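Thanks for asking me to look through this structure with you. Have the viewer open as you read, and take the points one at a time.

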Amino acid sequence: MIAVSWRQFRPQAIVGLTGLVVVAVVLALTGPNLVHVYDVNLAACRASGGQSPACNNPVGNTFHALQVTLIALVLVVPALIGMFWGAPLIAHELETGTFRLAWTQSVSRRRWLFVKTGLVGLASALTAGLLSLMSTWWFSPIDKVSQSRFGPANFGLHGFVPAGYAAFAFALGVTAGLVFRRTLPAMAVTLVGFVATRLAVTYWLRPHYMSPATLNAPLSGADVGFQIAGPGTVSPVSMVANAPDLPNAWVSSAAVVDSAGRAPSSSAVQHACPNLGAGVAPPLRVREGSAPSGGTRSASGCRRGHSSSSTTASPPWPPSTTSSWPTSRPTGSGRSRPLRRRSSWFSPSRLPVPACGSSATG
Amino acid sequence: MIWLAVRQFRLQAAVALVALVTLGVLVAVLGTQLLNDYHATVTGCGALADCSAATNALGSRYDQWNTWFGVVVLVVPGLLGIFWGAPLLARELESGTFRLAWTQSISRSRWTLTKLGLLGLASMAVAGLCSLFVTWWASPLDHIGAGPFSTFDQRGLVPVGYALFAFALGVAVGAVIRRTLPAMAATLVAFVGVRLAVYEWLRPRYMAPLTARSPYRFSGPGLNQVAIGQGLRPGGWLISQSIENPAGHVVGQTVGGLLATTINVGPQGVTIAGVGSCPTLKPTGQQSIAKSNDLVQRCVNQLHLTSVTTYQPSNRYWPFQIYETLLFVVAALAVGAFALWWVRRRLN
């Protein structure tokens, strides 16, 4: 039975093996070159005391086309395995009637199914897993630079998850083939079902594997910043926290909150920063095109807090340094709340805590 | 004959129609939302200090959708080639149903031509509508994005050409291989190969790139990176970058697109390995990084190093779209003609 399954699977196995060997040769030829570029630029960076432009991106755009190809390959190989190995496995026998011959031998249906799915399923997981491991090795200098393990081009394409994807795609293909009993529709259904499952897991399930850790950092210091969104006459002003720079972490949300943990209302922001409202000439006018690329913006143009006779509980503005805005400042009936930035993120390991008095919890 | 071809094509057409309607509804709902957000944030941002905050926020909010819609336009031509093109003849040849068709009053040529024409037109329509939907949806994002060439093969006309070519390729491969599954796999590999080859080697050469020369601005120790896009106009497509000496030779060792070399600042002056030296520029007093940078920049000026950038300007976007579409349509016609010839002469 194993021999028969192997004979039937041989063309597909040869195609898969050839693909793996081609990828292995290409990666083995280019990988050391990539490491070399990384080392050369890192040396230039160190020699300059961290001032060289090589420090920003020691791998540059090296093998850009190959990077894109490799990412696309690891992304689609599980789906292809499901379509071309899984879906036809049973459907083709049912469609052409060859299952009759198999079932009339001394082999039980159960054994026939087990051996076929076991052999090809194992090959599926192995193929995707080997491809992913090779790709992970090749990308290691780039991953050292990008520091985003959880990134969209990283998490699902490195390590051993692609082996799991391939095993699932294969099983889905076999099942679709059994249900539809025709190869082409089974292949199409496998593709749609696999893509839908992958998307659902990526966007709905993966963020909930563990509850995210929370980092509270005072809205001060070089590392903490925010942007103003929804400005102008059309929609109310709101503050958008910039995601903090946590290496290899997956930042799921970042928000500006006061000490009570609430987001400052748009009227509070407008009250504290009247210059951001409509029709007022802004203090810092940056022309489009020459504008710096986002990042931390200064809060100049905002009032240093509100009138102490105010009875509304609006948050003070801006607590740029703790010394200039002590939290114990009496403000009548309104409580003074230093603004903080709250970030939630995922990380399997403990993160380096930023130096500016922030704390990690969770 | 057209009636028969339509009947055989019914299921695939229904699947495509459902997918197109789904995409259309999604695009209409999300597109209105995107347009509202665009008008609420980016349109009015000129009155405020900083437009980059608004454009960044909008870009990151719709980043995932932008990526996935782009992927849809990228893969649809390939899927049409696999699921419509490859089985068209291969399935009939594999299951033997072509015998019935050929023993009717219909010639082989007419049989093949009707199938090719009907499904070829349908392929173009499906890919064209996908591209139209996504091009419309992404227009606010493209307006604030990284230039039209960054999404060249996900917008406009080209997906129509890709789809026709993928379909014709699938038909021809199916006629030659005569078995559905291997034909589908071979179609996929060949189509991806052709697309990559055109993207890498042909597209940058449709028109000779423009060259921008400017005195090299030294951006930090190491001389290992040209300031990216020095002299490049916004929206342009960067083809190549290099540093040249006055004799017109590219200087420095090129490692993976970066110019890497060693720079020495010392009692002998400034030495840039492989480029030249400025013995008169000796550091005085206390050394600092800013001071050495300044010395290196003066040496670069003395050696008259030029930064040379070649690029395709953004106003060549539509000529490039038309060239690439025509290229794929002509290739599709050639492959289709080959399939027709193969069916008439080589199949028995």
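This is a predicted model: local features need pLDDT of at least 70, side-chain atom pairs count only at pLDDT 80 or more; totals for chains, interfaces and linings use all residues.

1. Let's begin with the make-up of chain B. Its secondary structure consists of nine helices and eight strands. Chain B has 348 residues, and 49% of them count as buried. The accessible surface of chain B is about 16400 Å², with 64% of that area belonging to carbon and sulfur atoms.

2. Next, how does chain B fold back on itself? Take the contacts in chain B between residues at least 6 apart in sequence: 76% of them join residues at least 24 apart.

3. How many disulfides does a search of the whole structure find? Over all chains, the search finds one. The partners are Cys278(B) and Cys299(B), whose sulfur atoms lie 2.0 Å apart. The link between Cys278(B) and Cys299(B) is right-handed, with 80 degrees about the S-S bond. This pair links distant parts of the chain, 21 residues apart: Cys278(B) belongs to strand E7 (residues 276-278) of chain B, and Cys299(B) to helix H8 (residues 289-302) of chain B.

4. Are these cysteines buried or exposed? Cys278(B) has a relative accessible area of 0%, so it counts as buried. Cys299(B) is buried too, also with 0%. While you are looking at cysteines, find Cys130(B) as well: its relative accessible area is 5%, so Cys130(B) is buried.

5. Now move to chain A and find two helices, H5 (residues 161-180) and H6 (residues 183-205), which pack at an angle of about 140 degrees with their axes 9 Å apart. Because of that angle, H5(A) is oblique to H6(A). The crossing of the two helices, H5(A) and H6(A), is right-handed. On the H5(A) side, the residues making the contact include Tyr165(A), Phe168(A), Leu172(A) and Phe180(A); on the H6(A) side, Val189(A), Phe194(A) and Arg198(A) are among them.

6. Finally, return to chain B and pick out Ala172(B), which sits in helix H6 (residues 158-177) of chain B. Ala172(B) has a relative accessible area of 5%, so it is buried. What is Ala172(B) in contact with, leaving aside its neighbours within four places in sequence? The partners are Val335(B), Phe338(B) and Ala339(B).

Notes
Residues are numbered from 1 along each chain as its sequence is written. Chains are lettered from A and ligands numbered from 1 in the order in which they are written. Side-chain values use heavy atoms; hydrogens and water are left out. Helices (H or I, at least four residues) and strands (E, at least two) are DSSP runs, numbered from the N terminus. Buried means under 20% relative accessible area, exposed over 50%, partly exposed in between (1.4 Å probe, protein chains only). Contact means heavy atoms within 4.5 Å. Accessible areas come from the Shrake-Rupley method with a 1.4 Å probe; for residues, only the protein chains shown count as cover. A disulfide is a pair of cysteine sulfur atoms within 2.5 Å. Axes are lines fitted to C-alpha atoms, for helices over the stretch in contact, and angles run from 0 to 180 degrees between N-to-C directions. Angles under 35 degrees count as roughly parallel, over 145 as roughly antiparallel, 65 to 115 as roughly perpendicular and the rest as oblique. A crossing is left-handed if the near helix is turned anticlockwise from the far one by less than a right angle, and right-handed if clockwise.
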